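Subject: Structure for you to look at

Hello,

Here is the structure I said I would pass on. Please open it first and then read the notes below it.

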Amino acid sequence: MFVLELTYTAPLEAVDAVLEAHVAWLDEQYQQGVFLASGRKNPRDGGVINAVAGDRARIEGITAEDPFVTAGVCAYRVTEFTATKTAPALEAYRETL
């Protein structure tokens, strides 16, 4: 499991200019079963995504295709973790050490 933290590197006007493409990209990742939850940070200086994938390389490839990244308006921090406890709805993603 991964926590993806987005930090905006450009003014909000530049972020908003590619927001529609970013949301379409998010929808694609949800359809593929990669993203579990996402949203803006408060204050609005980036966002957070919870994701699942077989390995970090796949996640890094996916984040590189984010329109926010290709437009140069955000940077990602990727944190991989082992989800040893989950809510019942996320039990399929629970891992053992």
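**The sheet and its helix**

Strand E1 (residues 2–8) and strand E3 (residues 46–51) run antiparallel and are joined by 6 bridges. Before going further: this is a predicted model, in which local features need pLDDT of at least 70 and side-chain atom pairs count only at pLDDT 80 or more, while totals for chains, interfaces and linings use all residues. Residues are numbered from 1 along each chain as its sequence is written, and side-chain values use heavy atoms, with hydrogens and water left out.

Helices (H or I, at least four residues) and strands (E, at least two) are DSSP runs, numbered from the N terminus. Two strands pair if DSSP finds at least two bridges between them.

For background, most peptide bonds are trans.

Together the strands make an open sheet of 4 in the order E2-E3-E1-E4, with antiparallel pairing. Strand E2 (35–40) and strand E4 (74–80) are the edge strands, each pairing on one side only. From one strand to the next, the twist averages 15 degrees. Helix H2 (residues 19–31) packs on the sheet and touches E1, E2, E3 and E4 (contact means heavy atoms within 4.5 Å). The direction of H2 makes about 160 degrees with that of E2; axes are lines fitted to C-alpha atoms, for helices over the stretch in contact, and angles run from 0 to 180 degrees between N-to-C directions.

**Aromatic pairs**

The structure holds 3 aromatic pairs. Rings of Phe, Tyr and Trp (its six-membered ring) pair if their centres lie within 6.5 Å; planes under 30 degrees apart count as stacked, over 60 as edge-to-face and the rest as tilted. One of the pairs is Trp-25 with Phe-35, which is edge-to-face at 5.4 Å centre to centre and 70 degrees between the planes. Trp-25 lies in helix H2 and Phe-35 in strand E2, so this pair ties together parts that are 10 residues apart in sequence.

Regards
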